[in-house]
Amino acid sequence: MIAIPYLTALTTYFSYGLLFAFGQIRDLFRKIIDWSRANNLQGYAPICLGLEDFYTRRLYLRIQDCFGRPISSAPDAWFDVVERYSNDNNKTLKRTTKINRCLNLGSYNYLGFAAADEYCTPRAIEALKKYSPSTCSSRVDGGTTVLHNELEKSVAKFVGKPAAIVLGMGYVTNSAILPVLIGKGGLIISDSLNHNSIVNGARGSGATIRVFQHNTPSHLEEVLREHIAEGQPRTHRPWKKILVIVEGIYSMEGELCKLPEIIAVCKKYKAYTYLDEAHSIGAVGKTGRGVCELLGVDTADVDIMMGTFTKSFGSCGGYIAGSKELIQYLKYTCPAHLYATSISPPAAEQIISAIKVILGEDGSSRGAQKLAQIRKNSNFFRSELQKMGFEVLGDNDSPVMPIMLYNPAKIPAFSRECLKQNVAVVTVAFPATPLLLARARICISASHTKEDLIKGLEVISRVGDLVGIKYFPAEPKKQEERMVKLD
Amino acid sequence: MTMESLKEIDELCDEWVPESLIPPLTEEIRCEPPVLESASGPQTVINGKEVVNFASANYLGLIGHEKLLESCTSALEKYGVGSCGPRDVHLDCESRIAKFLGTPDSILYSYGLSTMFSAIPAFRKEGDVIVVDEGVHWGIQNGLYLSRSTIVYFKHNDMESLQSTLEKITLDNKRAKKLRRYIVVEAVYQNSGQVAPLDEIIRLKEKYHFCVLLDESNSFGVLGRSGRGLTEYYGVPVEKIDVITAAMGYALAT
């Protein structure tokens, strides 16, 4: 849990109150102006009523330039951010031809496969020439090529499961598979901070949904006991099945899942487990096999393993890995497999070759070096940030590290000041986080060099002083040095 | 909680037996789809044998097009395979599509199936009324489910049924004027191959004041003189349609 300091909470509430009040005043004037003009709706109901889009109009638009910044190069350690300007107080942004070379602390490019790679890119281009960019058909109607089958085998082998199914988009993997696995009469117990794709998949399934406190196995046990004892609502029939859904690394918190404890609870109560490794597969573990490897969990104990290729593998799409029977059943029933176009062949080849590099099957030790590098980089950056007095969330070894900002005004201030000094960071605010807990999220990559990280730290420290987000006292480094000299 | 009730819960937990995660597999499930050994063009290779391909939605025959492959290769070299945020090329593509269709703006999604399924819940909230053709594909059905609005189906491609449905909604509901009302149809139905009579739909929509969402996945680049889809085919100005969506995995071969 994040404990927000009392004074900060007060100022944050005050800021939002002020923004709300000004927004209301502007809305009032807007209404008066609109009222004097003719109504041009012609009997249609307005698309947005009352306060439905208040947040977008009066809060988000003011700082729109901090989000969705276009870039004009591959998202490597350094990349080109396209400069934009606005003539109407940020309502619309226009792109210029000017670019700003920035240090990239925002992309999920954990292993550095996002940019051209000496091993992967030539192979992806070869696949493009042989198979074209698309198959134009779904997997069952002639959209399955030799590459698709090879990809599924290599993914299954990599994550340590008997079989796997691959879909063309990570988000769809969750939201289309969950309704197939469970339905009415089933119970989904989901971590309170699970990703939106899981939430949508769970809602689409028709099963009853309950939430347990983020990453708290004891609360999961409590929820399980209560619901097994009570059965389905109203009818009190026993549940058909129970599915517990957790993520490997929580992308907004940078925290590792307490997987061993959660698996133990699920086993005790005969619940099935669904692990979403979108951010952890390829990024953590000694050979990049994700949280199971890092925390010493046998993959046989996780019933359904899900992950995406957009992050560590620098491609697109997602997978589900599980028993042979499970995958066969999914291939027969999953709508995203039956109706959607299959994953693009060059993207498939990119994943196959990235896995080969990670496992050292390309005949070099680059994969092992990348994995060692991301671990070293992440732990170095995290400990330095903590020493400076920032409030950093998450666990060691996790390449995602959110820095708490809290106040709404600090979101654009931090983002713009960093960009001015050629460091691109991602800031996250409501609705992705609770209103009070706005943050900046740093993602570390194996392609960052030590010099890159030191430059990033210097800039963040300077901007941190300027914006006032060093909520903890910094470690008294200089004093210690003086003491040593005196001795 | 007393000791007894704790013990009771323990027993209940012990007794509970879940169903297996998946139902038993039948022979039908085990069948494997054909595996292609070459690109999914008009001719393709399966099991070492060259066959003619009627399964692919490669409407314009763009698979294997020299110029496309060239530009794809240079994009791969410059940008890598995966994306991690908006690029200038994505934004350029959005404005090109908008220009092609004649709409003010457009937005790209990374997956055809998810387009409707995200666009519908984005527009509709609880309490809105949506009138849908009963023959729409899964992506739309799921989007409707997630939007949590009131959904009314009309008979597949039957304009009389649509008219009576619209009339009933407008007459029955006194609040109808204040509700947001939508019609969702596909241009060429993925499941039946039928073409929606757009001129008739527009007439009804204007009569009863509904917004129209049109899925052009199978008609974009195919219908109309210059491939601009169903609106061009019927000579309907594109401004009359409120939202147009299309998957690019078909005619555009991407």
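So, helix α7 of chain A, residues 196–205: is it mostly covered or mostly open? Mostly covered, it turns out, with seven of its 10 residues buried. Keep in mind that this is a predicted model.

Let me stay with that helix for a moment. The buried residues in α7(A) are A:Ser197, A:Ile198, A:Asn200, A:Gly201, A:Ala202, A:Gly204 and A:Ser205. And what sits over them? Just past the end of the helix, A:Gly206 has a positive phi, about 85 degrees.

B:Trp16, B:Leu21 and B:Tyr111 supply 13% of the area chain B buries against chain A, more than any other three residues.

What about the polar side of things? We get 16 residue pairs in polar contact between the chains. In one salt bridge, A:Arg95 meets B:Asp92 at 3.0 Å, N to O.

Over all chains, the search turns up 22 salt bridges. Let me walk you through a few in chain A.

Take A:Asp80 and A:Arg101, with their closest N and O atoms 2.8 Å apart. A:Asp80 is in strand β1 and A:Arg101 in strand β2, 21 residues apart. A:Asp80 is buried, at 13% relative accessible area, while A:Arg101 is partly exposed, at 43%.

Next, A:Glu253 and A:Arg439 form a salt bridge at 2.9 Å. A:Glu253 is in the loop between β6 and α9, and A:Arg439 is in strand β13, so this pair ties together parts 186 residues apart in sequence. Which end is buried here? A:Glu253 is, at 9% relative accessible area, and A:Arg439 is as well, at 1%.

Then there's A:Lys470 with A:Asp465, at 3.2 Å. A:Lys470 is partly exposed, at 24%, and A:Asp465 is exposed, at 54%. There's also a network, where salt bridges with shared partners join A:Asp27, A:Arg57 and A:Arg58.

One last thing, from the record: an unreviewed UniProt entry puts the domain "Aminotransferase class I/classII large" at residues 102–460 of chain A. That stretch is 43% helix and 16% strand, and its end C-alpha atoms are 13 Å apart.

Methods
Residues numbered from 1 in each chain as written. Chains lettered and ligands numbered in written order. Predicted model: local features only at pLDDT ≥ 70, side-chain atom pairs only at ≥ 80, totals over all residues. Heavy atoms only, no water. UniProt positions renumbered as here; feature names shortened; annotations may be inferred. Helix = DSSP H or I, 4+ residues; strand = E, 2+ residues; numbered from the N terminus. Buried area = accessible area lost by both parts, 1.4 Å probe. Salt bridge = Lys/Arg side-chain N within 4 Å of Asp/Glu carboxyl O. Polar contact = N/O pair within 3.5 Å; in protein donor to acceptor, adjacent residues only side chain to side chain. Buried < 20%, exposed > 50% of the residue type's maximum accessible area, 1.4 Å probe, protein only.
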